[in-house]
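Subject: The two-chain model

Hi,

Here is the structure I promised to pass on. Please have it open while you read, and my notes follow below.

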Amino acid sequence: MPTTAPTRQATVAARAVTKRFGDRTALRDVSFEAYSGELLAIIGPNGAGKTTLLSILAGIQAPTGGEVSSPGRKVGWVPQQPAIYSKLSVAENLRLFARLEKLSDPDSAVERMLDHTDLHERANEEVGRLSAGNQQRVNVAIGLLCEPTALLLDEPSASLDPRQRERLWGFIGGLAGRGTTVVYSTHNVVEVERYADRVLVLADGELLFVGTPGELGRAVGGDPRDFEAAFVRFLDLCGH
Amino acid sequence: MRWLLVKDLQILRRSPLLVALLIIYPITLALMIGFALSSPPGKPKVAFLTQVPKGQGRIRFGSQDINISNYAKDLFASIQPIIVHSQAQAVAAVTSGRALAALIVPADIPQQIQSLVTTGVGSPMVQLILNSKDPVERQFADQAIQTRLSDVEQAVSKQVLRVAVSDLQQVLSGGTIQFGGENFRLLGLRDSRRLLQRAITALPARSPLRPELNRVVAFATLAIEGLAFASPVLGSIGTPLTVDQTELAGRTTPAATYAVTIAVIFSLMLVTLVLAAGMLALEREEHAFARLVRGLVSPGALLAEKVVLAGGCAAAAAIVMTVGVSTFVPLQWSRFPLWVLALLLAGIAFGALGVAIGGLAREVRAASLLAFMLSLPIAFIALVPAVAVSGSLKSVLDAVAFAFPFKPALDAANNAFSGTAPAIGWPLVHLAGLAVAFGGLARVAVRRFA
């Protein structure tokens, strides 16, 4: 479900970003731009540096070298594991983060998010009692509270069943359609093929490819319908 | 910070077991201390057997009788006697656990004492049978009996000395004694010398008796001087040593108040450390830390919130506990503002230590366990008396105690509760310094959280 051609206005950009943890280099000279209304997927094997790159874009970690530009507080962040309080209810979690975001009307923001996530009926239930899928919906909703210009998601569909996944991507696609830049990491190459406008391939901290999923398939030849095989072959060709 | 505090209080409200423990623990401790301090220690049950036949507990010394049976009453002040009638019954009472010990007074004890005080030969002995099963109970019974026996011993020897001094006075100055139901007038050394001196003056100047009688007068003079000196010496043997006690450190804390202070500060420390360490580790366990510190809250503000939450809650619980204990132990209510100040600042310092612990641990369970395990040695080191260890070890323990908030918290609360030395100023400054130091350590530790 690729969206319409993105408008060419960079909202998130990384320039020669490097990150070291002691002797280990997690990211090496990574540069790219993401545009308004674009869905940009980051894929790569385990330990490629996907989460580190998203953390740096989100402002959680500082890069060792290079720089990032993003619209500051208007970047929504959805970590891989739900960062919510299991002893609080859905509404209390949303209200807490709405207040910490210093939104002018926290209560209406909570209502809006309950509508978006369709969790009105579970609003007063403790988050710890919800299914993993519903917890992830609350997690995403908190990332959207500040109505972000750019939304960063770290493996957002990892704990969801196919129906929940479909619903999540429908929701995220709607955000992109309204001009939000969406950058997400995933291990699910089907999600890349179906939802991403462009894809970044990272391996061992190196940015190996930036382009559309179709361009990645063409780069390695073979069956253009089998994106997963193209991705694996691409990694093999690059020596990863 | 306000909304984080509200959030943490909501979380605590939904953890009823934890909150119940936090409230019940200090109150239970306070009640236990109160009851322990306000109830006198019980008397140990001791099987008592006297083999001295009725009416034969008297010893004759000089001009007076001493009834040693009267001293059994003194012994019974310290024990709860179970009167038995044979040695077998005494042993059975101890073996069965009905009595902690048995005390047996043999039949010949009056004769042994009589022989000892009149001829210096004799070994009066009582038999003590103790149950060795429980060392604490054994020591309790042993101490109660030994202390009271020592009192009885002293009382008997004092009585004997009193009789000896009285008889000596009669030898010196004369007096009336009873013998065989009749009164006899004793002449005494002083009167004897006077009569002799008068007789010598009545003798002819060249009488051969004069030198002989003058020798007797000289002996009498020497004896009077010697015995006159001996009387106060004998009198002083009963209490050979007098202790002149001087307190140098101003007002001292009553033992009960000090025990209360230790209990309150230990509870405060335990609750604060567990709460601060646990609530900070919870932010990591719930993966919320990274989301919070990416612009919503600074790490410093987050740590300060945990310190205020833990320190404030624990100080409130400690104040409730102190008020409860003050029902049993008199504390100075006029210094109540200082109670609050000391407990709040102690709570803040312990809270800072707690977040430093929470910063080191990844999980709530690990943080709580670490906090609990640290509490015991911190308190123990601060409470080791100076005289109990060698100089160099004492210096090490002092340095360790200085590095943690327990000792200054104890000093501050001690002064706040009873107005005794040391003054409250330095402990409060010390606590503030430790709060800053541990807060800094926690700030470094949470860098690993993101």
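Let me start with a helix pair in chain B. Helix α12 (residues 336–360) and helix α15 (residues 406–418) of chain B pack at an angle of about 170 degrees, and their axes lie 8 Å apart. That angle makes α12(B) roughly antiparallel to α15(B). The cut-offs here are under 35 degrees for roughly parallel, over 145 for roughly antiparallel and 65 to 115 for roughly perpendicular, with the rest called oblique. Axes are lines fitted to C-alpha atoms, for helices over the stretch in contact, and angles run from 0 to 180 degrees between N-to-C directions. Helices (H or I, at least four residues) and strands (E, at least two) are DSSP runs, numbered from the N terminus.

From α12(B), the residues B:L338, B:W339, B:A342, B:A346 and B:F350 meet B:F406, B:A409, B:A412, B:A413, B:A416 and B:F417 of α15(B); contact means heavy atoms within 4.5 Å. By class this contact has 11 nonpolar, no polar and no charged residues. Ala, Val, Leu, Ile, Met, Phe, Trp, Tyr, Cys and Pro count as nonpolar, Asp, Glu, Lys and Arg as charged, and the others, Gly among them, as polar.

A word on the basis of all this: it is a predicted model, where local features need pLDDT of at least 70 and side-chain atom pairs count only at pLDDT 80 or more, while totals for chains, interfaces and linings use all residues. Residues are numbered from 1 along each chain as its sequence is written, chains are lettered from A and ligands numbered from 1 in the order in which they are written, and side-chain values use heavy atoms, with hydrogens and water left out.

Another helix pair in chain B is α1 (residues 2–13) with α9 (residues 255–285), which pack at about 105 degrees with axes 12 Å apart. These two are therefore roughly perpendicular to each other. Here B:K7, B:D8, B:I11 and B:L12 of α1(B) meet B:L275, B:M279, B:L282 and B:E283 of α9(B), a contact of 5 nonpolar, no polar and 3 charged residues.

Chain B also has an open sheet of 4 strands, in the order β4-β1-β5-β6 with mixed pairing; two strands pair if DSSP finds at least two bridges between them. Both β4 (80–83) and β6 (127–130) of chain B stand at the edges with a single partner strand each, so one side of each has no neighbour in the sheet. On average, neighbouring strands of this sheet are turned by 25 degrees against each other, direction ignored. Strand β1 (residues 45–50) of chain B runs parallel to β4(B), joined by 4 bridges, and B:K45 stands opposite B:Q80 in β4(B). Helix α4 (residues 87–95) of chain B packs on the sheet and touches β1, β5 (101–105) and β6 of chain B.

In chain A, strands β8 (residues 198–203) and β9 (residues 206–211) pair in the antiparallel sense over 5 bridges. They form a hairpin with 2 residues between them, and A:D204 in the turn has a positive phi of about 50 degrees. A:V201 has A:F209 in β9(A) as its bridge partner.

Finally, the interface: 26 residues from chain A and 19 residues from chain B take part in the contact. About 2200 Å² is buried between chain A and chain B, with carbon and sulfur atoms giving 58%; buried area is the accessible area (1.4 Å probe) that two parts lose on being put together, summed over both. A:Y85, A:K87 and A:L100 supply 29% of the area that chain A buries against chain B, more than any other three residues.

Best wishes
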